[in-house]
Amino acid sequence: MTVTHQLVIDTAMTEHDGSHPSESRTPDKESPVSLDPSIDVGKAGDEVTVLESGTELERTIDLRGGLAIGVGTMVGAGIFVFPGIAAGNAGPAAAVSFAIGAVVALLVALPTSELATAMPKSGGAYYFVSRGMGAPFGAVVGIGLWLGLVFASAFYLVGFAQYAVAVLEEIGASALVVETVPFLTVLGVGFGVLLTVLSTFGTENTTKLQNGIVSLLLGILLIFLVYGSLDTLGLFGRETVPEQFAPYGTFSILTTAALVFTSYLGFAQVATVAGEITKPGRNLPLAMIGSVAIVGTLYVVTILVSTGTFGSGRLATFGETAIVEVARSYLGLSGAIAILLAGLLATVSSANASILSSSRALYALSRDALVPPQFGRINLRYGTPHIALMLVGGPTVVLVVVGRTEVLAEVASFLHLVSYGLMCVALVVLRRSDPEWYQPSFRVPGYPLVPILGAIASFGLLAFMQPLSQAVGVVVSVAALVWYLIYARGVELKGVQADA
Amino acid sequence: MRNTTEVRVLVPVAILKGQVIPDQMIRLLSHSAVVLLGYHEIPEQTAPEQAREQFEGKAQAELADLVEAFESWGGTVETRLVFTHDSDQTIERIATEADCDAVLLSNPAPSIDRIIVPIKERINLESIAKVAAGVSRQHDVEITLFHAATEEANVSDGEVLLGEVSDELTTLGIRSDQLSRVVVVAQNPLQALVEAASTHDVVVIGEEEPTIRGRLFGETSERVAEQTVGPVLVVRRPIDPVDDDETGL
């Protein structure tokens, strides 16, 4: 018995030495901040990261929590906002669009997993790309992620407002909804402000809530989809609305895939909490790939069921809350109410998760002095990064006011896809330069094919977006680069192999 | 190998939150091996490394002050500093890693003269005795062994139980004039314990359940810590991977 305990102590002690091989790399004294991953990655254990100073960072998010972050961030969009819009654009073949999105997401999730296990740090994509390819690319990705998540949060909030309005209509309070458009905006903005304030001052642990919400959502969806699938297959004698599978042609499938890719923006959020996940070597890849697989399956089935119920033309007329009508047609009023509630929960949890991830991206940038260090400050009283949260919440509510659902979604996807593509490239760069500190515990299968395909697919999808979204996306990326050149040109990241 | 009579005590401190370890408690622990755990709990919105960057220096300074306080009483201290979202998980992990016999749930303690050791059942008695003896041996403190029976018929069982612990303590070097035994009959044993504890300065109590992640300490010790004014030393149950169920240890 004592022997067992002694062994535990011994491992703990070795962790304390910090004597991992990479320590021998000497830090560059001239750089303003100590950024060499080999120095500050620390020793990542299963439950704790032990830093050189002996200080420990506890890992508290298990696999279930990781999956909840991934699924919780993603599921809001694909099921509760997009089915009507997507079916209007591509017909029943929108299911293929979602499947394409899932494949692209998986092609990126695999390389992301490898990078995250090698660098289990906050900041996710920004950290990987800046360490793999240098500060300019890092700036594009970091700023792109910050604003990409701002666009995504605004998109989720608009979706949330639509559900809130639908709920009001359902309970007969539609008299309140006289002028629908400003009312939507007020709801979206109000909740955007509320979420930001809650994130800033709330010290409650939200993980358990998030886990609960995701479980509840999956439960509701499962009942609905299983029933719907059986019915669509004709088991209960219902006639499927007969229709051509791809009435708007192949090109529309691809443009729809680009549009709905916003539904897959959550898996990389798992990487932004890579420093807090237990057993990162195992749980990070499982959480990322698992959450993409779960939501991808749900999306495809949802589209098939929805289009089978109404036909894509009619489905499109229901707009963002189309899925409620589908549920109503199967399970009556109770089904509609259940899905409405699920929609509220899902969109709000997606918005919340995105706001939090976005503030992490800002923190990672500020740590490297690519943005003013104040952005990463946290207040002692609440322990939250209040400035970063304001810098996320503020622009988000502005976008809720001015944005259109589809453009918000596409710009969010655009900025993420740029980051995803660059992550895949960063993986190839890191594998080729093979720095001493790069020791991922998960290695991407099918290297180099998977990351190369991931990069091509990510950049490829950009071509199928609306011109307006592409223009906004390009402007943001270029602006990020200009910001870097003006503000942070002198910043030198340590451990970046391009400089070595 | 470590000294088998030496007691290792984990002292968790919510560093940066102004939590103090009472001076008298530090004195009481001066003959034990203390593992001082400074932890800073941060909400999930914040990355632990983010908090670490900003607060590490301050936390280390506070920890150093505490170490000084322990050393001024002649104690030996090793320190850990952890930034975490979940302090229970952290305390549990460090207690296991550092092989601690007991965990201190700190409350103010103006003076420490009387220690109460509630014994509920024949579980973990050896460790409880070891910890009680370890912290008391070098000090002039009274130890009250306490058992609350739910009905009159069980009083004699309780007396036998306390007798065993008393013998064990004597073997471990506690003078019999330091020891007293109390068995009460009470509908609500927890309430009876809280009342008895109010005339004592420190509670030494066994952990209820074998520790499972997330269920730290078990209900009784936490509630005792909440309801009594003094510090509570929770004696951990040895986690025996092999024969826990058969021998009942």
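1. A residue counts as buried when its relative accessible area is under 20%. Cys100(B), at 4% relative accessibility, therefore falls in the buried class. Bear in mind while reading on that this is a predicted model.

2. Staying with cysteines: Cys424(A) has a relative accessibility of 1%, so it is buried as well. How many disulfides does a search of the whole structure find? The count over all chains is 0. For the record, a disulfide is a covalent bond between the sulfur atoms of two cysteines.

3. Now the chains themselves. Chain A comes with 18 helices and 3 strands, and 60% of its 500 residues count as buried. If you take the contacts in chain A with a separation of 6 or more, 82% of them are between residues 24 or more positions apart.

4. Chain B has 8 helices and 9 strands. Its length is 249 residues, 58% of them buried. For contacts in chain B with a separation of 6 or more, residues 24 or more positions apart make up 82%.

5. One helix pair in chain A deserves a look: α6(A), residues 125-133, packs on α16(A), residues 405-433. As for handedness, the crossing of α6(A) and α16(A) is left-handed.

6. Who makes that contact? From α6(A) it is Ala125(A), Phe128(A), Val129(A), Arg131(A), Gly132(A) and Met133(A). On the α16(A) side you'll find Ser419(A), Leu422(A), Met423(A), Val425(A), Ala426(A), Val429(A) and Leu430(A). By type, the residues of this contact split into 10 nonpolar, 2 polar and 1 charged.

7. Elsewhere in chain A, have a look at Ser291(A), which sits in helix α12 (residues 280-310). Is Ser291(A) buried or exposed? With a relative accessibility of 0%, it counts as buried. Leaving aside residues up to four places away in sequence, Ser291(A) touches Leu67(A), Gly70(A), Val71(A), Met74(A), Phe267(A) and Leu286(A).

8. Next, the loop between α16 and α17 (449-462) of chain A, where Pro448(A) lies. The peptide bond from Tyr447(A) to Pro448(A) is cis, with omega near 0°. Asp434(A) is found in the loop between α16 and α17 too, and although it is not a glycine, it has a positive phi of about 45°. Its relative accessibility of 48% is not over the 50% needed for exposed, so Asp434(A) counts as partly exposed.

9. Chain B has an aspartate with a positive phi as well: Asp99(B), at about 55°, again not a glycine. Where does Asp99(B) lie? Its place is the loop between α3 (87-97) and β4 (102-105) of chain B. The relative accessible area of Asp99(B) is 5%, so this residue is buried. If you're going through the backbone by eye, the spots to check from this note include the cis bond from Tyr447(A) to Pro448(A), the positive phi of Asp434(A) and the positive phi of Asp99(B).

Terms used: Residues numbered from 1 in each chain as written. Chains lettered and ligands numbered in written order. Predicted model: local features only at pLDDT ≥ 70, side-chain atom pairs only at ≥ 80, totals over all residues. Heavy atoms only, no water. Axes fitted to C-alpha atoms, helices over the stretch in contact; angles between N-to-C directions. Helix = DSSP H or I, 4+ residues; strand = E, 2+ residues; numbered from the N terminus. Left-handed = near helix turned anticlockwise from the far one by under 90°. Contact = heavy atoms within 4.5 Å. Nonpolar A, V, L, I, M, F, W, Y, C, P; charged D, E, K, R; others polar. Disulfide = S-S within 2.5 Å. Buried < 20%, exposed > 50% of the residue type's maximum accessible area, 1.4 Å probe, protein only.
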